[in-house]
Amino acid sequence: MRFDVITLFPDMFSVVRDLGVTGRAHRREQWALQLWNPRDFTQDVHRTVDDRPYGGGPGMVMMAEPLEKAVTAAQSARPDSPEVILLSPAGKPFTQNRAQALAHSQGAILICGRYEGLDQRFINRCVTEEISLGDFVLSGGEIPALAVMDSVIRLLPGVLNDADSARQDSFNEDLTGLLDSPHYTRPEVYESESVPAELLSGHHANIAQWRRRQSLKITAQRRPDLIEAARRNGLLSKVDEAFLKTLLF
Ligand SMILES: C[S@@+](CC[C@H](N)C(=O)[O-])C[C@H]1O[C@@H](n2cnc3c(N)ncnc32)[C@H](O)[C@@H]1O
C-alpha cells in the first residue's frame, strides 16, 4: 500500500506517518508515503502555484500546470496506475465501503486543494475520482486526505493488534452495517453509574444479545437509514425485527 499526496502543506502528514497505529504500521513498512509539493514544480522565483480567478470574485485558484506536473511525477514513481483522488466538497461522500475497497488496492494518489479550489482543466485531465468528507468546507484537502488514509490503513491486515477489532466497528460486516454498541471499562461503578449487568455476567450469549440490541436501538434512533439498508440487504434476522418492533421512540 502506498499513498502519494500532492499538497502545499507536507508537514501536516507527519500525523498519520509518525503517530498511533498508522505510525507503527509505517515503521513496519506496511504502507509507504510520498509527498509532492506543487511548489517544487514551478518555474518562477516566487514558486507561484495560484492565481486570480477568471471572471473575478474572491480568493485565488490553484494553477493547473504545477499540479499536473506533480501528479505526473507521482505516477512515474509508482509501478501501478492508482486512482487519482481529489478531496473536494463536490465529491462523493466517503464511506466505510470505499475505505474497504481502497484497503484492497495498492493505494492512491491524493490531491489536496487549497484556496477557492483548483483549475477545472487540471481536474478534467488528471483526476479519476472526487471524494468529500461531508457537507462542510475546510480550508484545505489535507485533513480529508489524512482521514481517508487513516481509515484505509487501519484496515490493512496486521495493522490493528486485534484482527477482529475493525470488523466489529460501526458500518462493518460483523455489525451488518449498523452502529457500534456502547463500551465500558473499569471501574465497575463510576460516579454512581454501574456497568450494565449483562456485560458483567460472563455469559457470552447474553453479552452478544445485549450488544446486538444496543446496536439496533442506537442505529434505529440515530441512523434509521442504516436500518433500512440492512433490511434491504437481508441482514436483519427475525429476532432483530422482533426487537425493533418493541422500540418506541
Ligand atoms: C476552501 S476549500 C474550497 C471550497 C470550494 N470553493 C467550494 O465551495 O466547494 C479548499 C479545499 O479544501 C478541500 N476541502 C474542503 N472541504 C472539503 C470537504 N468537505 N471534503 C473534501 N475536501 C474538502 C478541497 O480540496 C478544496 O479544494
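Q: At which residues does UniProt place the feature "domain: tRNA methyltransferase TRMD/TRM10-type"?
A: This is a predicted model, where local features need pLDDT of at least 70, side-chain atom pairs count only at pLDDT 80 or more, and totals for chains, interfaces and linings use all residues. Residues are numbered from 1 along each chain as its sequence is written. UniProt positions follow the numbering used here, with shortened feature names, and annotations may be inferred rather than shown by experiment. The unreviewed UniProt entry places this domain feature at residues 1–228.

Q: How far apart are the centres of domain 1 and domain 2?
A: Domain bounds come from an automatic or database domain assignment. The protein chain is divided into domain 1 (2–153) and domain 2 (168–246). Taken over C-alpha atoms, the separation of their centres is 36 Å.

Q: Which element gives the most residues to the shell around the ligand?
A: A residue is near a molecule if its C-beta atom, placed from the backbone, lies within 6 Å of it. Of the 19 residues around the ligand, Leu87, Gly113, Leu133, Gly141 and Pro144 come nearest. Helices (H or I, at least four residues) and strands (E, at least two) are DSSP runs, numbered from the N terminus. With four residues, the top contributor is strand β5 (residues 83–93).

Q: How many residues of the shell around the ligand are charged?
A: Ala, Val, Leu, Ile, Met, Phe, Trp, Tyr, Cys and Pro count as nonpolar, Asp, Glu, Lys and Arg as charged, and the others, Gly among them, as polar. Nine shell residues are nonpolar and eight are polar. The charged residues number two.

Q: Is aspartate 135 buried or exposed?
A: UniProt lists Asp135 under "binding site" in an unreviewed entry. Aspartate 135 sits in the loop between β7 (129–132) and α6. A residue is buried if 20 or more other C-beta atoms, placed from the backbone, lie within 10 Å of its own, exposed if 12 or fewer, and partly exposed in between. Aspartate 135 has 7 other C-beta atoms within 10 Å, so it is exposed.

Q: Which residues does leucine 138 touch, not counting residues up to four places away in sequence?
A: Leucine 138 lies in the loop between β7 and α6. It counts as partly exposed because it has 15 C-beta neighbours inside 10 Å. Two residues are in contact if their C-beta atoms, placed from the backbone, lie within 7 Å. Not counting residues up to four places away in sequence, leucine 138 touches Ile143 and Pro144.

Q: How far apart in space are methionine 62 and aspartate 119, C-alpha to C-alpha?
A: Methionine 62 is in strand β4. It counts as buried because it has 22 C-beta neighbours inside 10 Å. Its contacts include Gly113, Tyr115 and Asp119. Methionine 62 and aspartate 119 are 57 residues apart in sequence, and their C-alpha separation in space is 6.0 Å.
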